[in-house]
Amino acid sequence: MITIKDLLAAIPVAVRAAIDDDTIEYLTSVVEAADANDTTALRDAAEPFLTDAGMSDTELEAMFAKLSVDGEATSTVVAASKGPILLPSASQPRPLATPPVSAPAPASARPATPANGKAAQQEQSPKPAAASRVEAPIVQAYSQQSRFHNETIVTLSKEVDLKSVNVVIGESELLVDARLWLKTGQHYGMVGRNGVGKSTLLSVIGSKTLVGFPENIRTLYVQQLDVIDTSASVIDTVLAADTERQKRVDDVQMIERSLQSPDALHEALDKYIARVGNERIYLAQKIATLRSGRRGKAARGVALKAEKSMLSEIREALYANGKSDGEVAADVLATLYAELDSMDAHSAEARARAILIELDIDEAMQNGPVKLLSGGWRMRVALAQAMFVEPDILLLDECTNHLDLAAIAWLQDYLVALEGVTIVCVSHDRDFLNAVSREIIRVKDKKLTYHPGNYDEYEQTEDELRRKKERQLASLERRREHVKKSIDSFMKHARSSNDSKVLGQVASRKKKLDRLAGSDKNEDGTRFKVSYWAGYHDTQRPEIILERAEKDVDFSIPQPETLRNAGPLVSLLGVTFAYGGSKAQGGSSVVLDNISMSIMMGDHIALLGLNGCGKSTLVNIIKGELAPTKGSVEQQARLRIGHYTQHFVDELSDVDASGLSMLMENHPGTKEGDARRWLGSFELSGPLATRPVYTLSGGQRARMAMALMLFTNPHILLLDEVTNHLDMYAVQGLISAINEYEGTVIIVSHDRHFVRQTADDCYSLQGGKLALLEKGVDEYVASIGDA
């Protein structure tokens, strides 16, 4: 019989020092409950904690060999045992209603169940990181719970109204006691600076890891960095969006494939038992978290019992009366078939194909892999998923990234016409957000505030309110100065005349001065009444708080050095480019056809066109990375070109180094102080400069990529989808910086507002031909609508 002393003695000293008391207490309960002849459960339960403490796989194998435990890798299926059950880790946010199940932690490490309406917590386990990486922080998301626990489990309304919403990632608080209020069928635009938690909030809503979020409300979350990137076929991807149906289909297929092999059948049944058991344990845990008082105590007892014996109970029920694996498989298949019939699963594929046809995705594309589609078509697949599962809330995080203007226009029209579905959209595209949103959610100062209208109306209303408060504050200050002068005058007169009546007037004026500490009117213009002002306050009136306007990000684009030659920086003379050969070898491969242009210092040019039309190819030819198939390209000597590609942010998501170390490594001789000041000008100061780049948000990584590119003081900026992942304030700051930049800027962007504000000349690239647009980007948008 293995004791806790034996287990601890076998653990390396360095690892043992990293194990806390709660984990030791938990491991003690595991050892005591484990059967002497069945050490599989012991290893399953102990291994995650030992790995987290820094124990390698080799050390684990050696330790269990020392304890005379079978060193073979255990199955991922959780075996029935007398001790606590180790559940599969929920490393990623689950789509729709799949419960995230994680390993049961020691009792003292788990969030406490709330009592009498207090807030409860639930932790979302992070994705296991590589050994060389900093461990990803844990996300906690919880809200105030009702004493009537059923309200937070199932609700008849599709409206979400959660009080005291808190979202914490690691030790950073993103939301504190905020109100999440999503009205049925409303279209919201969510705005806020990069890093305030917009994507995290959408993630915990979409994955249902926000404690208190109603279980019966269906959500679909389209993530920021990848719309859909999978080798699966389009039709299978859409069908997989209905996770409840897909789980049962996978179980049926797994069991049916295993019918000819006894060992494979037994393993398939074990996996089925593990899935059903984990779901029941998760439900018991969630009810225990949501309930309080006497019912909470009883629910916690049920949850603890489920953790210890749920899988064994399910196994005993299935194998009752000595049934064989074949008989159990027949019973399970009958149950799964009945559940699929109740979901109308037999018509699922027909419904999915009908939806795809409606979105102009033909049968050939439906049967092909998603990864071969462009960004615009992938977004249509994501919308097909939404239409298939019919979510109550559709969460879109930077859904216009990597889409061309035609795809954005289609998506915009589709979302505007979508009724009955609540939409929450995060986007840097001002025109798109104005068209889609009917109400704005602002994330600021760890709170959520709600403003009717689209983004332009929100900005206008906020500006008018700010000016109104400035006038109120100025008027109030004038009145206070007048009262102060009258008090001084009366006091001077009282001292000279010894008139007690004057002192009474002074006391009256001082009371009036106290009342002038704040506004005498409410924000809606009605008269303020002290009797309606609840709570204790230091003043007799609410203070007028003048909220400063959000400051745009101050990008530092250094002015280029003057070149000796005043002629064109780059000249294209009859440039033709074809993949696989010249135009004569295959006209279908021609991307650019006889293009000539001169790029001068100070030109601000925008290249517009559909995805795949050759914009990036033209940019690479200008830079000199590609040689034209025909024609020539001339560049000035000593010309420096800075190139920001649309994939920079995705590439930085795998970088372990910090931005500070990357900058100093790429430019030897740079002093650390200068590098820190440079990154600080892109709002990447302090810990953001030294954190691993992959831990930064999408917008922060975008600013990091710009800082690295601009450090060389280039003469030409090639900006390919530079606004992707940036917030509104960063985009506006970038617009100001580009307009002040005296060098040359060539922009490839589908952000209409950005192009409108920065480009002096707009060119359309279509069929390999480059054409100047006299009316700018609006002319191109009109041509798309007419097409």
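**Note on cysteines, cores, a sheet and aromatic pairs**

1. The sulfur of Cys-425 lies 4.1 Å from that of Cys-399, its closest cysteine sulfur, which is too far for a bond. The model is a predicted one, and it holds 0 disulfides. A disulfide requires the two sulfur atoms to be within 2.5 Å. Cys-425 is buried, at a relative accessible area of 0%. Cys-613 also counts as buried, with 15% relative accessibility.

2. How many residues make up the largest nonpolar core? This core has 46 residues, and Leu-394 and Leu-415 have the most contacts inside it. Helix H14, spanning residues 375–389, gives the most to the core, contributing 9 residues. In soluble globular proteins, nonpolar side chains tend to be buried together.

3. Leaving aside residues up to four places away in sequence, Leu-394 touches Leu-220, Leu-383, Ala-386, Leu-415, Leu-418, Val-421, Thr-422, Ile-423 and Val-424.

4. Six strands form an open sheet with mixed pairing, in the order E15-E16-E17-E13-E18-E19. Strand E15 (641–644) and strand E19 (769–773) are the edge strands, each pairing on one side only. With direction ignored, neighbouring strands of the sheet are turned by 20 degrees against each other on average.

5. Strand E15 and strand E16 (residues 716–720) run parallel and are joined by 4 bridges. Within this pairing, Gly-642 has Leu-717 in E16 as its bridge partner. Helix H24 (residues 698–710) lies across E15 and E16, and runs at about 165 degrees to E15.

6. The structure holds 5 aromatic pairs. For Trp-678 and Phe-711, the ring centres are 5.6 Å apart and the planes stand at 75 degrees, so this pair is edge-to-face. Trp-678 belongs to helix H22 (residues 672–680), whereas Phe-711 is in the loop between H24 and E16; the pair therefore ties together parts 33 residues apart in sequence.

7. Are Trp-678 and Phe-711 buried or partly exposed? Trp-678 is buried, with a relative accessible area of 15%, whereas Phe-711 counts as partly exposed at 24% relative accessibility. The two are assigned differently because buried means under 20% relative accessible area. Ring pairs also bring in Phe-682, linking Trp-678, Phe-682 and Phe-711 into a cluster.

Definitions and conventions: Residues numbered from 1 in each chain as written. Predicted model: local features only at pLDDT ≥ 70, side-chain atom pairs only at ≥ 80, totals over all residues. Heavy atoms only, no water. Core = buried A, V, L, I, M, F, W, Y, C linked by side-chain atoms within 4.5 Å. Buried < 20%, exposed > 50% of the residue type's maximum accessible area, 1.4 Å probe, protein only. Helix = DSSP H or I, 4+ residues; strand = E, 2+ residues; numbered from the N terminus. Contact = heavy atoms within 4.5 Å. Pairing = 2+ DSSP bridges. Axes fitted to C-alpha atoms, helices over the stretch in contact; angles between N-to-C directions. Phe/Tyr/Trp six-rings, centres within 6.5 Å; stacked < 30°, edge-to-face > 60°.
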